[in-house]
Structure formats: C-alpha cells, structure tokens
Amino acid sequence: MAARDGTVTHSWTEVQSLAMRAARGADVPAAQASNFGNMLTRHLADGRDEAPLSEALKTQGAIVDLALRVEKVIEAASISSAPVSLSEDAPYLCALLVSWFNSLPCRTQVQLSGNTMTVTLSLSEPNARARPARITLSAEFYAQMHDLAANTYVPDSEASRMGGAGAEQMGLD
C-alpha cells in the first residue's frame, strides 16, 4: 500500500518474502537469502535505516559474508556461553550484524563499542521481541528489492513453457 510520503506499507511476511527473493536475485544462496529476509524485516521493524540493507544488496558477497559471521557466533555459543567479540570497520555492515543477531530466534544481547561488538546468545531462551503486523519502507527501496527479485523469474517464452514453467490451461472444463 503506497502512501503520499513516498513510503509503502506491507505485512511482515510480504516484506520478508520480497527480501528473500531480492537476495536470491542478487545471487545469494537460498539459505542465506532466507536469513537475510528475517534480518531485513527485524531491521526495519526496529526503525533502523534502509541504506545498509540497500548497500548489502548491491555489494557482491556482503550478505553471504554476514551470514557466515553470524553462523560462527552461533557455533561458538553452542560450545560456550561466553560472549563473542566481533570487529567491523564498515558501519553499514556493523548495523546489519546487530539486526541479524536481533533477528535470531534465541535471546540475544549485543553491545557496541566503536567498531567492536560483543554478542551473547542464550540459545535455550526464546527471543521475546515483538513482531509488528506491518512494515513501512520507502517506495525507492521497495522498488530496488522488486527489481532484484525479478532476476529470479523465468522468462516468458515458448522454450520456458516447454520446460515446465508458468501456468498452463489444463482443460478440466
């Protein structure tokens, strides 16, 4: 739903799904794209800036690198309850790491000090963060994600239909 102020509002699930497809359109593997969709909706629900998300979608390898860094922290938390420290010089990646940790299904505590963050995960405790019904984002960012998602669509051609793509009239009348 478009507003006069240049924003659009969609359900959490719609934004999450579009973010996943946009990441796939940016050549991110399916598992990392799914996690990116979770992070993106949490990031926006927390009222954070869209610019880091847009930059990550434009930067080859950024999303996969973030996902791998988060996985390393989860692995460390599965071995020990000790906090894990990470350093990140790029402010946009630091912002996304915070949101990525906050999107995890477990209780998360993130403390920032300059370009270093200390992360504590309680894997046995659920994340109690509320999930809003609607997410508001700029029409420009929505269009960027929609354009990237279009990269995943099969071209409309006879060859693609012969290969099984698209809906076909089944003649069940």
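The model is predicted. Helix α3 covers residues 51–58 and helix α6 covers residues 139–150, and their axes come within 11 Å of each other. The structure holds zero disulfides.

**Packing of α3 against α6**

- Two packed helices are described by the angle between their axes and the distance between the axes.
- The axes of α3 and α6 cross at roughly 20°; angles under 35 degrees count as roughly parallel, and the two helices are therefore roughly parallel to each other.
- The crossing of α3 and α6 is left-handed.
- On the α3 side, the contact is made by Leu53, Ser54, Leu57 and Lys58; on the α6 side, Phe141, Gln144, Met145 and Leu148 take part.

**Burial of α3**

- Pro52, Leu53, Ser54, Ala56 and Leu57 are the buried residues of α3.
- The cover over these buried residues includes α1 (12–25), α2 (30–45), α4 (62–79), α5 (91–102) and α6.

**Cysteines**

- A disulfide is a covalent bond between the sulfur atoms of two cysteines.
- Cys94 is in no disulfide, and the nearest cysteine sulfur, that of Cys106, is 18 Å away.
- For Cys106, the closest cysteine sulfur is in Cys94, and the separation of 18 Å is too far for a bond; a disulfide requires sulfur atoms within 2.5 Å.
- Cys94 counts as buried, at 9% relative accessibility.
- Cys106 is also buried, with a relative accessible area of 7%.

Methods. Residues are numbered from 1 along each chain as its sequence is written. This is a predicted model: local features need pLDDT of at least 70, side-chain atom pairs count only at pLDDT 80 or more; totals for chains, interfaces and linings use all residues. Side-chain values use heavy atoms; hydrogens and water are left out. Axes are lines fitted to C-alpha atoms, for helices over the stretch in contact, and angles run from 0 to 180 degrees between N-to-C directions. Helices (H or I, at least four residues) and strands (E, at least two) are DSSP runs, numbered from the N terminus. Angles under 35 degrees count as roughly parallel, over 145 as roughly antiparallel, 65 to 115 as roughly perpendicular and the rest as oblique. A crossing is left-handed if the near helix is turned anticlockwise from the far one by less than a right angle, and right-handed if clockwise. Contact means heavy atoms within 4.5 Å. Buried means under 20% relative accessible area, exposed over 50%, partly exposed in between (1.4 Å probe, protein chains only).
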